Amino acid sequence: MSDGPATQLDVRRVGSGPPVVFVHGSIVGAERTWRDQLPLAERWTLLLANRPGFGASPALPRNDFEAEAPAVADLLGEGAHLVGHSYGAVIALWAAALRPGAVRSLTISEPGCQRVAAGDPRVDEMISNGDRFFAATVAGEVDHRDVLRMFRYGVGSTHETPAELPEELLAGVRLLATERPAWDGEPPLEALADTPFPKLVVSGGHSDVFDLVCDRVAERIGAERAVVPGRGHTIPRAGAAYNTELERVLRAGEVIRAGEVMPDGEFGPADD
């Protein structure tokens, strides 16, 4: 590992096999977000990276997908698969664009980059509501429990909000209150459009807005689309159903890396 930005991240390595870098979203860190993916460690080396301020990763003055992307890109090393969820999916898009040659495959679920679908009234309403939410949060007009409750309701999370927030959730809410909104700008999707590695964009089938955002991202980067229902926005908690889709992409990336050709229908659309 270089002395670059990735050395600043708290990363848990689990398992053996080809490396897979996981990037979590807001509120909770890597351990909680990816706990249902631990069975994959039987076949893959999981790099569970805590974003700045989570786990033992040093905090930034303000969490920001664009500022965090270089550390994630550095974690790819000589080549790894990249997986991101929610805010972490936005970071993963930026990181993949920084080092596309080091990406073996890219899987993202419900990235919060709603700006890619701006102009649709439903999307514009979500962005407007999100802007008001963050303005009120930064101004201290909402207490911590209500911040968490409102955020989870807004994205369609299935996590329950306890009456008393444990320190882990309080810390996550404090980070959320100051982080750059995920829809503040568009990720560099054009840089990923012609890359050869497999790409998958997953939604949870619970939100027309997230479905549309996922459709737009997939179209622009040349990704396959999948829907994993049952857990709302909290898609990694779908466990086996999510892991099946993820491993399909991971295996496809390894086949391509080996210089082999995927059979038609194995991953992605068949050639016309």
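Visitor: What makes up the accessible surface of the protein?

Guide: The accessible surface comes to about 11,700 Å², and 51% of it belongs to carbon and sulfur atoms. Such areas come from the Shrake-Rupley method with a 1.4 Å probe, and for residues only the protein chains shown count as cover. This is a predicted model, in which local features need pLDDT of at least 70 and side-chain atom pairs count only at pLDDT 80 or more, while totals for chains, interfaces and linings use all residues. Residues are numbered from 1 along each chain as its sequence is written, and side-chain values use heavy atoms, with hydrogens and water left out.

Visitor: What helices and strands are there in the protein?

Guide: The protein has eight helices and seven strands. Helices (H or I, at least four residues) and strands (E, at least two) are DSSP runs, numbered from the N terminus.

Visitor: Why does Phe-65 count as buried?

Guide: A residue is called buried under 20% relative accessible area, exposed over 50%, and partly exposed in between (1.4 Å probe, protein chains only). Phe-65 has 1% relative accessibility, and therefore counts as buried. This residue is found in helix 2 (residues 65-75). Buried residues make up 55% of the 272 residues in the protein.

Visitor: Which residues are in contact with Phe-65, its neighbours within four places in sequence left aside?

Guide: Contact means heavy atoms within 4.5 Å. By that rule, Phe-65 is in contact with Tyr-87, Val-90, Ile-91, Trp-94, Arg-180, Pro-181, Ala-182 and Asp-184, leaving aside its neighbours within four places in sequence. Trp-94 is 29 residues from Phe-65 in sequence, yet their C-alpha atoms are 7.6 Å apart. Over the protein, among contacts between residues at least 6 apart in sequence, 73% join residues at least 24 apart.

Visitor: Why is Val-28 called buried?

Guide: Val-28 has 10% relative accessibility, so it counts as buried. This valine lies in the loop between strand 2 and helix 1 (30-33). Not counting residues up to four places away in sequence, Val-28 touches Thr-33, Phe-54 and Leu-169.

Visitor: How do you know that strand 2 and strand 4 pair?

Guide: Two strands pair if DSSP finds at least two bridges between them. Strand 2 (residues 19-23) and strand 4 are joined by four bridges in the parallel sense. In this pairing Val-20 has His-81 as its bridge partner in strand 4, and Val-23 stands opposite Gly-84. Strand 2 also runs parallel to strand 3 (residues 45-50), over five bridges, with Pro-19 opposite Thr-45.

Visitor: What joins strand 4 to strand 5?

Guide: Six bridges join strand 4 to strand 5 (residues 103-109), and the two run parallel. His-85 has Ser-109 in strand 5 as its bridge partner. The chain passes from strand 4 through helix 3 (residues 87-98) to strand 5, and this β-α-β crossover is right-handed.

Visitor: Why is a crossover called right-handed?

Guide: The name applies if, with the strands pointing away from the viewer, the path from the first strand over the helix to the second runs clockwise.

Visitor: Which residues of the largest nonpolar core touch the most other members?

Guide: A nonpolar core is a set of buried Ala, Val, Leu, Ile, Met, Phe, Trp, Tyr and Cys residues joined through side-chain atoms within 4.5 Å. The largest such core has 63 residues, of which Val-21, Leu-82, Leu-93, Leu-106, Val-217 and Ile-221 touch the most other members. Helix 3 gives the most to this core, with 10 residues. A second, separate core of 20 residues includes Leu-40, Ile-235, Leu-246 and Leu-250.
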